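Biologist: I have a model open and want to learn how to read it. Can we go through it feature by feature?

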Amino acid sequence: MITVNSDGKIMIRRCLVTLRPFRIFIVGIGFFTLCFLMTSLGGQFSAKRLGDSPFTIRTEVMGALESRGVLRKMSDMLEMMVKRMDVLARLENGSDFRKGEEAHFPMDRFHPVVGLMERIQAIAQNVSDIAMKVDQILRNSLLNGKSTEGRRDQCEVPRDPNYPDCSGKVEWMRARWTSDPCYAFFGVDGTECSFLIYLSEVEWFCPVLPWRNQTIAAPSTKPPPRVQAAFQRDFSYLLELIGSGKESLIFMKKRIRHLATQWLQASHKLEQKLDGKQRDQKQILIHIGFLTEESGDVFSPRVLKGGPLGEMVQWADILAVLFILGHTLKITVSLKELQSNLSVPPGRGNCPLTVPLPFDLIYTDYHGLQQMKQHMGLSFKKYRCRVRVIDTFGTEPAYNHEEYATLHGYRTNWGYWNLNPKQFMTMFPHTPDNSFMGFVSEELNETEKQSIKSNKANNMAVVYGKEASIWKGKEKFLTILNKYMEIHGTVYYETQRPPEVPAFVKNHGLLPQHEFQQLLRKAKLFIGFGFPYEGPAPLEAIANGCVFLQAHFNPPHSSLNHEFFRGKPTSREVSSQHPYAEEFIGVPHVWTVDYNNSEEFEAAIKAIMRTKVDPYLPYEYTSEGMLERIHAYIQYQDFCSTAALPDKSNGNTMQSSASPLRLQPNSTHLAWSHNSSSSSSSSSLPAWPPINSMQVWVSDAGQACTSACQQHGLVCEPEFFKFINKKEVFQQLSIACDSTESEMNHLYPAVAENVRECYLQKEPLLFSCAGCSTKYQRLCPCRDYRKGQVALCRDCL
């Protein structure tokens, strides 16, 4: 008989009495075993399901061999535990300790111990049986795997003329498939068949293998059901979508709340104007790339320090418009959120998305565009037609076309995306090659307008410039202005007055938006120092009854002579701080003078003091105007439809025996003939704006189409270039062409009149309203426009 000392007896007694933790441990072992078996066996059976990748079997089988060993170890461990429990039981049965303590520890406390041992024995037996079954399953799997392996080894690269890039892509995969974990995520394992399956079913460079399920790679041709959009007017959900955590987001939410009443009134007006017209609801992703940490987010920390707010003003208004129009929105300001919403596979961004893109439209900026390209792989090229890029200063076609920009010196850090130029959306309508997005200014009712007119201080000026650096070197004309007006500033400072601000200026510091509006309502003059360019503040000042005074630039500022514009994808020449205010509003609300000419500057101050103006806001910068414009873009702009693209095989993109264009009586231009027999068929062409608004003019040598159309009270419309890019148009305009060539040049179609050579455009992405040369006279497609809404023609809504 085994002898045990008293300390050992006490230890055994406590173990037997306090078995609750041990029970938990045993239950845990059983649960772990069950989960392990479900995972292991589930992996084996999942490899057999129709449609699963056959090249995952090898990995699963190898892993299952390890699983079989683990099961055996677990079985052995449980058997060992049973033996040790038997030893403990024998110790307890043979001791005198139990007899002496029986009164204190009733026998029913020990019955669970016997039952527990029986359960452990049963679990051990079950694990042993399962291990044997798993072993049998794995042997069958290995046999099946060998037959599949034989079929994999028989894969050959298909020679299909419909897939000319297949062999080259396979070669690349052989050498580089380990360069990105995303390939393994999609099942690539280094075998020839895994390459071909990936290249045919995930990408689209190879035909689907004959022995694969042919429906795997077949794209769904059934479009999702259309849902009609309804106006939304409860901003609480939108504000929740925007989130918080950044000063920039807080600013946007404050702006939306502040303008909520104005937005609601505008939505009712547009709803009445549309008169029940059906609108498709879109799934829209909004990714504000410049606010992501990966792009640096230089804006958020400067919101409360006088930094530029123009971009955030515009983004806040874009969010409000898209929400009010009734579309479903997702808003992201981080790369992680972007990857999640796009279903980006793990890895370095070389593979396509794991699922078809669930969004009809994506609104982003240049930073977001770069992030999407880095992480969407081939899907970026496939879906880029759905992207809309918020682009403050615009992107001209010559900079957008990668090959052309590289060959002709137009390549910059921001261009070469090969998008349709209309996908770039600007803050002001300075280039018709892009779409005009805009923003809104605060609107006044009649009572507020009358109050402003009666309370204006005729000798009060507010300076446009919240950063002290803008004031540097401006003392000369500030001294002249101080002779006639009390000057106010809103320059940010923390503790000490900025030395750049003269002592005679009353500086209020950085003001909240509503206080800044009140200051503008009192002031007579809002004066700019030449920077920042094209911001929203001048329009806000004019809307509050101020006269805006700005500097004329001679020579105009551009990427050729000014550091600020250097690297931007545009050759546009800026003749003043705010060209839109100068060209579209003008005197008496806007005065543009040479600040270097003291006499001209002082004369302008005197004239402004004598001038009375009413608050004025262009319709396109009202809430209704922006809602109307973006509604039209969403419903009618389509850059994904191949039917809307011109035939690139030749320059004749509108073949017909009888052209619907007719030479006008003064023999200077062509216009659409509404009575033409071919006009009805041509008007059904997939074009927006409607082509019956088109006129064709010939520019002067050295004149851009933008200027040529404006000269005739029209707007250049790049969508119409594809209809006039043909030899017959030259003939209708009585232009003699000794030769006609088709080439890539952003100035074509055009004529070199001195040598009578005519040129057609070979690349549709290079159709451009911008650009000029003294060598060419350009064919310019122009259209009419709605009063106060230059982005839309009269029949565009």
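**Reading the fold**

Modeller: Start with the inventory. The protein chain has 28 helices and 21 strands. Keep in mind that this is a predicted model.

Biologist: What share of the 797 residues in the protein chain is buried?

Modeller: Buried residues account for 51% of them.

Biologist: How do I read contacts along the sequence?

Modeller: Look at contacts between residues at least 6 apart in sequence. In this chain, 73% of those join residues at least 24 apart.

Biologist: Next, the sheets. How do strands of a sheet pair?

Modeller: They pair through backbone hydrogen bonds, either parallel or antiparallel. Here, six strands make an open sheet with parallel pairing, in the order 2-1-3-4-5-6.

Biologist: Which strands stand at the edges?

Modeller: Strand 2 (328–332) and strand 6 (435–436). Each has a single partner strand, so one side of each lacks a neighbour in the sheet.

Biologist: Show me one pairing inside that order.

Modeller: Take strand 3 (residues 361–364) and strand 4 (residues 387–390). They pair in the parallel sense over three bridges. Find Tyr-363: its bridge partner in strand 4 is Arg-388.

Biologist: What packs on the sheet?

Modeller: Helix 12 (residues 310–324) does. This helix touches strand 1 (283–287), strand 2, strand 3, strand 4 and strand 5 (424–426). The direction of helix 12 makes about 170° with that of strand 1.

Biologist: And helix against helix?

Modeller: Read the angle, the axis distance and the hand. Helix 19 (residues 475–482) and helix 23 (residues 598–610) pack at about 35°, with axes 10 Å apart. Their crossing is right-handed.

Biologist: Which residues make the contact?

Modeller: Helix 19 brings Lys-476, Phe-477, Ile-480 and Leu-481. Helix 23 brings Ser-598, Phe-601, Glu-602 and Ile-605. By class, that contact has five nonpolar, one polar and two charged residues.

Biologist: Last, a single residue. Where does Val-227 lie?

Modeller: Val-227 sits in the loop between helix 8 (192–201) and helix 9 (235–242).

Biologist: What does Val-227 touch beyond residues up to four places away in sequence?

Modeller: Arg-279, Asp-280 and Gln-281. Check Asp-280 against the sequence. Val-227 and Asp-280 are 53 residues apart there, but 5.9 Å apart in space, C-alpha to C-alpha.

Key:
Residues are numbered from 1 along each chain as its sequence is written. This is a predicted model: local features need pLDDT of at least 70, side-chain atom pairs count only at pLDDT 80 or more; totals for chains, interfaces and linings use all residues. Side-chain values use heavy atoms; hydrogens and water are left out. Helices (H or I, at least four residues) and strands (E, at least two) are DSSP runs, numbered from the N terminus. Buried means under 20% relative accessible area, exposed over 50%, partly exposed in between (1.4 Å probe, protein chains only). Contact means heavy atoms within 4.5 Å. Axes are lines fitted to C-alpha atoms, for helices over the stretch in contact, and angles run from 0 to 180 degrees between N-to-C directions. A crossing is left-handed if the near helix is turned anticlockwise from the far one by less than a right angle, and right-handed if clockwise. Ala, Val, Leu, Ile, Met, Phe, Trp, Tyr, Cys and Pro count as nonpolar, Asp, Glu, Lys and Arg as charged, and the others, Gly among them, as polar. Two strands pair if DSSP finds at least two bridges between them.
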